[in-house]
Amino acid sequence: MLAEYQRLESELLAFLRGEPRDFGPLALEVHRFQRRWNQPFANFCATRPEPADWREIPAVPQSAFKHFTLSVAPDAVTKVFETSGTTGEVRGRHAMVNPDLYDEAVRAGWSRLALPRRRHVVLVPHPTTTPNSSLSHMMRALEPMAPETVWAVDADGGFSATLLGVLERAEASGEAIAILGTALAFLNLFEHLDQRRFRLPAGSYALETGGFKGSGRDIEKRELYQRFGDFLDLAPDAVFNEYGMTELSSQFYTRGLGRPHGGPPWLRAVVLDPESGAEVAVGETGVLRLYDLANLGSVLAIETQDLAIRREEGFELLGRDPGALPRGCSRSADELLRRQ
């Protein structure tokens, strides 16, 4: 199994690094590997025929990660990411043979944005504080993409004493920066700043991820982006949104307002009619199903609990199915930040 894993990992790493590959055949090969070695997934597929097309690959419900260790090698797992949740709530667990493919997918996806290198100011806890957070791990994986990374949340979950100093120095020096965090973390930051305002230098940008479900502080995206302008002097087009989840190894991105999310070549999204299971027409709403080849050690096809509108290229995210439990990578960070 490990020899086959390493062979497929090498192929996928080459794909992530730009070697042209056909998504479909590679997805089917990864599926066959997972169906052979991932026992819970094999049980899930037992009554389903072998797919002839990548869109026919059985997608596990996102909730399956709460109840099963979806791994091709449970005894060889070296890293586990956990979803956030309320006390007593069962958490999803994404077990990885190793995080190398995850790290490469994060960096390769980020590189496709072609953003200028900036000092990263990170508004999530450091991985030493939250070792099972995929978001914290993602931010550390991005460290080689920046000349410097400033972790602006301390071990107690509050904003560090250096945060205001970093913003002040950027404003005074004219050095553009990148500030990265969850939507809830930015909302906390704007509340923390109160009457304080900064004019970040031209070329600065922000990355926000996650929503507001379960926080009791839901605001419209347009209003949040207005606050980026009010508090940091960042126009909407200087703000990027990342859509990902603990159960994925890759991410979708969009910029500003009114644009669809798009992903890299090794990551696909399909918007499905929840009744028929067929892909909806462009402009129609359905449930989001994701296919991530970087999920080599777990399951590549996931049926999410998110609703989206299919667009000509990509999808427009609407948010979580009203029947789904509120949880997400943003909430655990928010719970820490609200302790201050």
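Predicted model: local features only at pLDDT ≥ 70, side-chain atom pairs only at ≥ 80, totals over all residues.

User: Fine. Which residues of α1 are buried?
Analyst: In α1 the buried ones are Y5, L8, E9, E11, L12, L13, F15 and L16.

User: And what covers them?
Analyst: The cover includes α2 (23-37) and α5 (100-111).

User: What span should α1 have, going by 1.5 Å a residue?
Analyst: Helix α1 covers residues 2-16, and those 15 residues should span 21 Å. The end C-alpha atoms are 20 Å apart, which agrees.

User: What about phi just after α1?
Analyst: G18 sits there with a positive phi of about 115°.

User: OK, zooming out. How many helices and strands are there in the protein?
Analyst: The protein has 10 helices and 13 strands. Its radius of gyration is 20 Å, close to the 20 Å from the globule rule for 340 residues, so the protein is as compact as a globular protein of that length. The C-alpha trace spans about 60 × 45 × 40 Å along the principal axes.

User: Last one, charges: how many positive and negative side chains?
Analyst: There are 38 positive and 46 negative side chains, and the centres of the two sets lie 2 Å apart.

Definitions and conventions
Residues numbered from 1 in each chain as written. Heavy atoms only, no water. Helix = DSSP H or I, 4+ residues; strand = E, 2+ residues; numbered from the N terminus. Rg over C-alpha atoms; globule rule 2.2 N^0.38 Å. Lys, Arg positive; Asp, Glu negative; His and termini not counted. Charge placed at Lys NZ, Arg CZ, Asp CG, Glu CD. Expected span 1.5 Å × (residues − 1). Buried < 20%, exposed > 50% of the residue type's maximum accessible area, 1.4 Å probe, protein only. Contact = heavy atoms within 4.5 Å.
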